Amino acid sequence: MLIDLESEVESAIKLVYKEQHNQLFNLTNYQVHYFEMRRNQNNLLKQMTPKLEKLNLKSKESKLLGELFHETGHQLSEKNSGKSLIDQIEELLETYRSRELPKTREEFEQRALLYQLLHELERFIELKVDFYGYYFESE
């Protein structure tokens with residue numbers, strides 16, 4: 001699925017660059033930046049995939065992260081700033097910090113994976129926040 005997404009994004013980038021070269025004025029910067037941002041997000045998703053495959057999905061912490069991934073999928077449209085998702089990540093980090101420390105090595109490794117995934121998700125969303133800020137907040 002990520003390979004299909006990567007292929008679609010790369011095709012879109014090629015098309016946008018081709019269109020940009022055919023324009024008298026540089027009207028397609030938005031599209032170039034948009035698809036470059038999506039390319040970078042796809043690269044982050046590829047980094048997250050092996051970690052997601054190792055994750056024990058039965059823990060409360062995993063379920064909370066899963067809900068955040070689900071919410072991200074619903075909220076992260078082209079015109080959505082993504083800022084509320086950053087706030088939700090901060091809340092989830094606080095929730096993780098307030099939980100009892102892991103008792104076993106396996107629990108520790110799972111928490112470490114969750115923490116890594118949460119920070120990668122944060123970088124994923126920050127790409128969108130930065131893009132949105134550049135194009136929409138100055139309006």
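Helices here are DSSP runs of H or I with at least four residues, numbered from the N terminus. With that settled, let's look at the chain. One caution before the details: this is a predicted model.

The protein chain has five helices and zero strands. Read from the N terminus, the order of elements is α-α-α-α-α. There are 139 residues, and 35% of them count as buried.

Now to helix H4. It covers residues 83-98, 16 residues in total. From first C-alpha to last, H4 reaches 23 Å.

Which residues of H4 are buried? Leu85, Ile86, Ile89, Leu92, Leu93 and Tyr96. Look down the axis of H4 and these buried residues fall within an arc of 115°, so they line one face of the helix. Turn to the other side of H4, and you find Glu91 and Ser98 exposed.

What covers the buried residues of H4? The cover includes helix H3, residues 60-75, and helix H5, residues 105-135.

Let's take the H3 side. H3 and H4 pack with their axes 11 Å apart, at an angle of about 180°. Angles over 145 degrees count as roughly antiparallel, so H3 is roughly antiparallel to H4.

Who makes that contact? On H3, the residues are Glu61, Leu64, Leu65, Leu68, Glu71, Thr72 and Gln75. On H4, they are Ser84, Leu85, Gln88, Ile89, Leu92, Thr95 and Tyr96. Leu85, Ile89, Leu92 and Tyr96 of H4 are in this contact, and they are also on the buried list. Sorted by class, the H3 and H4 contact has seven nonpolar, five polar and two charged residues.

One more pair, H2 and H5. Helix H2 is residues 29-54. The axes of H2 and H5 come within 10 Å and cross at roughly 175°. That makes H2 roughly antiparallel to H5. What is the contact of H2 with H5 made of, by class? It divides into 15 nonpolar, seven polar and six charged residues.

To recap: the chain has five helices and zero strands. The buried residues of H4 line one face, and H3 and H5 are among the helices covering them. H3 runs roughly antiparallel to H4, and H2 roughly antiparallel to H5.

Note on methods:
Residues are numbered from 1 along each chain as its sequence is written. This is a predicted model: local features need pLDDT of at least 70, side-chain atom pairs count only at pLDDT 80 or more; totals for chains, interfaces and linings use all residues. Side-chain values use heavy atoms; hydrogens and water are left out. Helices (H or I, at least four residues) and strands (E, at least two) are DSSP runs, numbered from the N terminus. The expected span of a helix is 1.5 Å times one less than its number of residues. Buried means under 20% relative accessible area, exposed over 50%, partly exposed in between (1.4 Å probe, protein chains only). The arc is that of the directions from the helix axis to the C-beta atoms. Contact means heavy atoms within 4.5 Å. Axes are lines fitted to C-alpha atoms, for helices over the stretch in contact, and angles run from 0 to 180 degrees between N-to-C directions. Angles under 35 degrees count as roughly parallel, over 145 as roughly antiparallel, 65 to 115 as roughly perpendicular and the rest as oblique. Ala, Val, Leu, Ile, Met, Phe, Trp, Tyr, Cys and Pro count as nonpolar, Asp, Glu, Lys and Arg as charged, and the others, Gly among them, as polar.
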